[in-house]
Amino acid sequence: YALRDGWSSFIDAVNEPLPAPPEVPDATGAEAAVFTAADAALVAAGVNLKAVEDRAMVLGEEESRRLRGRSASGVFETELIGSVILHFASRTDSYTFRAYCRWRAYLEGLQAVGQLQPGIQIFEREFGRRLIA
(Lines give C-alpha, C1' and ligand atoms only; values in the text may rest on other atoms or scores of the structure.)
Protein backbone atom coordinates (compact mmCIF):
# COMPACT_ATOMS: atom_id res chain seq x y z
CA TYR A 1 0.00 0.00 0.00
CA ALA A 2 2.84 2.40 0.76
CA LEU A 3 4.26 1.95 -2.74
CA ARG A 4 0.87 2.58 -4.36
CA ASP A 5 0.17 5.61 -2.16
CA GLY A 6 3.66 6.97 -2.82
CA TRP A 7 3.22 6.55 -6.57
CA SER A 8 -0.18 8.29 -6.46
CA SER A 9 1.32 11.17 -4.49
CA PHE A 10 4.16 11.44 -7.01
CA ILE A 11 1.75 11.51 -9.98
CA ASP A 12 -0.39 14.13 -8.24
CA ALA A 13 2.69 16.28 -7.59
CA VAL A 14 4.03 16.22 -11.17
CA ASN A 15 0.78 16.44 -13.06
CA GLU A 16 -0.48 19.94 -13.58
CA PRO A 17 -4.14 20.32 -12.76
CA LEU A 18 -6.44 20.92 -15.68
CA PRO A 19 -7.25 24.58 -16.11
CA ALA A 20 -10.73 25.54 -15.03
CA PRO A 21 -12.97 26.60 -17.87
CA PRO A 22 -13.27 30.38 -18.07
CA GLU A 23 -16.31 31.92 -16.46
CA VAL A 24 -18.63 33.53 -18.94
CA PRO A 25 -20.58 36.29 -17.26
CA ASP A 26 -24.15 37.07 -18.17
CA ALA A 27 -24.48 39.71 -20.83
CA THR A 28 -26.39 42.34 -18.91
CA GLY A 29 -29.00 44.01 -21.05
CA ALA A 30 -28.89 41.34 -23.74
CA GLU A 31 -32.49 40.25 -23.16
CA ALA A 32 -33.77 43.81 -23.45
CA ALA A 33 -31.61 44.50 -26.52
CA VAL A 34 -32.90 41.41 -28.33
CA PHE A 35 -36.53 42.22 -27.53
CA THR A 36 -36.03 45.87 -28.57
CA ALA A 37 -34.60 44.78 -31.92
CA ALA A 38 -37.41 42.27 -32.41
CA ASP A 39 -40.07 44.86 -31.51
CA ALA A 40 -38.65 47.32 -34.06
CA ALA A 41 -38.56 44.57 -36.69
CA LEU A 42 -42.21 43.75 -35.97
CA VAL A 43 -43.22 47.36 -36.43
CA ALA A 44 -41.30 47.42 -39.74
CA ALA A 45 -43.29 44.33 -40.80
CA GLY A 46 -46.54 46.16 -40.04
CA VAL A 47 -47.48 44.31 -36.85
CA ASN A 48 -49.40 45.98 -34.02
CA LEU A 49 -46.78 45.95 -31.23
CA LYS A 50 -49.27 46.63 -28.42
CA ALA A 51 -51.34 43.61 -29.45
CA VAL A 52 -48.20 41.44 -29.49
CA GLU A 53 -47.15 42.63 -26.01
CA ASP A 54 -50.65 41.94 -24.68
CA ARG A 55 -50.67 38.50 -26.28
CA ALA A 56 -47.24 37.69 -24.79
CA MET A 57 -48.60 38.44 -21.31
CA VAL A 58 -51.67 36.27 -21.92
CA LEU A 59 -49.47 33.49 -23.30
CA GLY A 60 -47.33 33.69 -20.17
CA GLU A 61 -50.36 32.89 -18.03
CA GLU A 62 -51.88 30.33 -20.41
CA GLU A 63 -48.64 28.49 -21.11
CA SER A 64 -47.69 28.45 -17.44
CA ARG A 65 -50.99 26.79 -16.57
CA ARG A 66 -50.80 24.40 -19.54
CA LEU A 67 -47.22 23.35 -18.83
CA ARG A 68 -47.93 22.79 -15.14
CA GLY A 69 -50.83 20.55 -16.13
CA ARG A 70 -48.69 18.58 -18.57
CA SER A 71 -45.88 18.18 -16.05
CA ALA A 72 -48.35 17.00 -13.40
CA SER A 73 -49.73 14.37 -15.76
CA GLY A 74 -46.23 13.03 -16.46
CA VAL A 75 -47.24 11.90 -19.96
CA PHE A 76 -44.84 13.17 -22.63
CA GLU A 77 -44.18 12.34 -26.26
CA THR A 78 -40.48 11.74 -25.58
CA GLU A 79 -38.12 11.97 -22.64
CA LEU A 80 -36.54 15.12 -24.07
CA ILE A 81 -39.87 16.89 -24.50
CA GLY A 82 -40.73 15.91 -20.94
CA SER A 83 -37.47 17.41 -19.73
CA VAL A 84 -38.16 20.70 -21.53
CA ILE A 85 -41.74 20.87 -20.25
CA LEU A 86 -40.67 20.17 -16.67
CA HIS A 87 -37.95 22.82 -16.99
CA PHE A 88 -40.36 25.44 -18.34
CA ALA A 89 -43.10 24.60 -15.84
CA SER A 90 -40.74 24.99 -12.89
CA ARG A 91 -39.17 28.22 -14.14
CA THR A 92 -41.96 30.42 -15.48
CA ASP A 93 -40.10 33.54 -14.29
CA SER A 94 -36.98 32.72 -16.33
CA TYR A 95 -35.73 34.48 -19.44
CA THR A 96 -36.21 31.28 -21.41
CA PHE A 97 -39.90 31.08 -20.60
CA ARG A 98 -40.46 34.79 -21.25
CA ALA A 99 -38.63 34.48 -24.59
CA TYR A 100 -40.71 31.43 -25.54
CA CYS A 101 -43.96 33.32 -24.89
CA ARG A 102 -42.70 36.47 -26.58
CA TRP A 103 -41.57 34.67 -29.74
CA ARG A 104 -44.88 32.80 -29.96
CA ALA A 105 -46.63 36.17 -29.75
CA TYR A 106 -44.34 37.51 -32.49
CA LEU A 107 -45.34 34.64 -34.78
CA GLU A 108 -49.04 35.15 -34.05
CA GLY A 109 -48.62 38.87 -34.75
CA LEU A 110 -46.97 38.16 -38.09
CA GLN A 111 -49.72 35.67 -38.94
CA ALA A 112 -52.38 38.27 -38.12
CA VAL A 113 -50.93 40.77 -40.60
CA GLY A 114 -51.85 38.53 -43.52
CA GLN A 115 -49.28 37.15 -45.91
CA LEU A 116 -46.93 35.35 -43.54
CA GLN A 117 -43.91 34.88 -45.82
CA PRO A 118 -43.35 38.56 -46.76
CA GLY A 119 -43.88 39.58 -43.13
CA ILE A 120 -41.33 37.04 -41.94
CA GLN A 121 -38.81 38.19 -44.55
CA ILE A 122 -39.18 41.83 -43.50
CA PHE A 123 -38.93 40.81 -39.84
CA GLU A 124 -35.82 38.67 -40.44
CA ARG A 125 -34.04 41.37 -42.41
CA GLU A 126 -34.84 44.16 -39.94
CA PHE A 127 -34.15 42.02 -36.85
CA GLY A 128 -30.79 40.88 -38.21
CA ARG A 129 -29.82 44.44 -39.17
CA ARG A 130 -30.66 45.72 -35.69
CA LEU A 131 -28.83 42.89 -33.91
CA ILE A 132 -25.66 43.53 -35.89
CA ALA A 133 -25.83 47.32 -35.46
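Reader: In the protein chain, how far apart do the centres of the positive and negative side chains lie?

Author: This is a predicted model. The protein chain carries 18 negative side chains and 14 positive ones. The centres of these two sets are separated by 8 Å.

Reader: Which secondary structure elements does the protein chain have, and in what order do they run?

Author: The protein chain has zero strands and six helices. Read from the N terminus, the order is therefore α-α-α-α-α-α.

Reader: Is the protein chain compact or spread out, judged by its radius of gyration?

Author: For 133 residues the globule rule gives 14 Å. The radius of gyration of the protein chain is 24 Å, well over that value, so the chain is more spread out than a compact globule. The C-alpha trace spans about 80 × 45 × 25 Å along its principal axes. On the radius of gyration, the answer is spread out.

Reader: Which element gives the most residues to the largest nonpolar core?

Author: That core has 22 residues, and L42, Y106 and F123 have the most contacts inside it. Two or more residues come from each of α2 (30-44), α3 (49-73), α4 (79-90), α5 (95-113) and α6 (116-132). The top contributor, with six residues, is α5.

Reader: Which residues does L42 touch, leaving out those up to four places away in sequence?

Author: L42 is among the core residues with the most contacts inside the core. With residues up to four places away left out, L42 touches V47, L49, V52, Y106, L110 and F123.

Definitions and conventions:
Residues are numbered from 1 along each chain as its sequence is written. This is a predicted model: local features need pLDDT of at least 70, side-chain atom pairs count only at pLDDT 80 or more; totals for chains, interfaces and linings use all residues. Side-chain values use heavy atoms; hydrogens and water are left out. Helices (H or I, at least four residues) and strands (E, at least two) are DSSP runs, numbered from the N terminus. The radius of gyration is taken over C-alpha atoms; the globule rule is 2.2 Å times the number of residues to the power 0.38. Lys and Arg count as positive and Asp and Glu as negative; His and the chain ends are not counted. The place of a charge is taken as NZ of Lys, CZ of Arg, CG of Asp or CD of Glu. A nonpolar core is a set of buried Ala, Val, Leu, Ile, Met, Phe, Trp, Tyr and Cys residues joined through side-chain atoms within 4.5 Å. Buried means under 20% relative accessible area, exposed over 50%, partly exposed in between (1.4 Å probe, protein chains only). Contact means heavy atoms within 4.5 Å.
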